Amino acid sequence: MEPLETPEMNDRDYVNSLARGLEVICAFTRTRPKMTLSEIARATGMTRATVRRFLLTLVREGYAEKDDKVFSLKPKILELGYSALSSMGILDVAQPVMNELAHELQESVFAAVLTGDHVTYIARATSERLVHVSITVGSRAPAHAVSTGRILLAAEPADVLGRYIDRVNLTAITPNTVTSKVKLRAEIDRVRLENYSIVDQELEIGLGSISVPIRNGEGRVLAALNVCCPSSRTTVEDMQQRILPQLMIASQTITRGL
């Protein structure tokens, strides 16, 4: 068997069409769940003809759908991520721990992974409260504006993080969103040292969140474990003092089970 070339890959092994197809998939976000051909072409920097071929292939394979001139992803797209996550065993291990944590805290609990410049939520547990955070499994959010994103970015190698900082457009989603690259880099550095992240109303007014990393047995960060808290009932201080200790215990429990 011919060995794989690791960690470097020979250019002849690189499948450009696959990479570009993945880029088309990643163009869809929480704020852009439906787009026209022209909008996707602008988002990816590809020609309309190229994007059209990728989209029609995704539609034919059941990963996307077309309604008039608008394209959107279908739930089948989640199978791509679930295949990888299931092979790591993280979902089977994390879900019962998250369910118990949500019951104890009476808040919504999530797990997320980094997908490009966004985070994607891969698991969710809710409490008995009547009002829940509206994040669903499969939804995405800009990594710079959420605590899960900062946890996951803090785990990236220095060169990867540097490229992210250079290219990212720090859109002001709310008046609280960090839009300074210097400030964001400093916050990510702090998160790496303290091993947790708190974001207060940067993605949505009235919503705060706290996250910690989920690691495997070798210490590599696989995902972020997150609790979302409406600001009307949970302060930043409460997240630090009441939620953080239980969140860290839950993360360690998941790690031991992997």
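Colleague: Into which classes do the residues of the lining of the largest cavity divide?

Modeller: Eight are nonpolar, four polar and two charged. Here Ala, Val, Leu, Ile, Met, Phe, Trp, Tyr, Cys and Pro count as nonpolar, Asp, Glu, Lys and Arg as charged, and the others, Gly among them, as polar. This is a predicted model, where local features need pLDDT of at least 70 and side-chain atom pairs pLDDT 80 or more, while totals for chains, interfaces and linings use all residues. Residues are numbered from 1 along each chain as its sequence is written, and side-chain values use heavy atoms, leaving out hydrogens and water.

Colleague: What makes a space a cavity, and what makes a residue part of its lining?

Modeller: On a 1 Å grid over the protein atoms alone, a cavity is a set of points where a 1.4 Å probe fits but cannot get out, and a lining residue has an atom within 4 Å of a point. The structure holds one cavity of 30 Å³ or more, with a volume of about 90 Å³, taken as the space filled by probe spheres set on the points, which are joined across faces, edges and corners. Its lining has 14 residues, and Val 146, Leu 203, Leu 207, Ser 209 and Cys 228 lie nearest the centre.

Colleague: Which strand gives the largest share of the lining of the largest cavity?

Modeller: That is S8, with three residues. Strands S8 (207–215) and S9 (221–230) each supply at least two; a strand is a DSSP run (E, at least two residues), numbered from the N terminus.

Colleague: In what order do the six strands of the open sheet lie?

Modeller: The order is S6-S5-S4-S9-S8-S7, with antiparallel pairing. Two strands pair if DSSP finds at least two bridges between them. S7 and S8 have four, in the antiparallel sense, and Ser 209 in S8 is the bridge partner of Val 199.

Colleague: Why are S6 (140–142) and S7 (197–200) called edge strands?

Modeller: Each of S6 and S7 pairs on one side only.

Conventions
1 Å grid on protein atoms, 1.4 Å probe; cavity = no way out; pocket = protein on both sides within 12 Å on 5 of 7 lines; lining within 4 Å.
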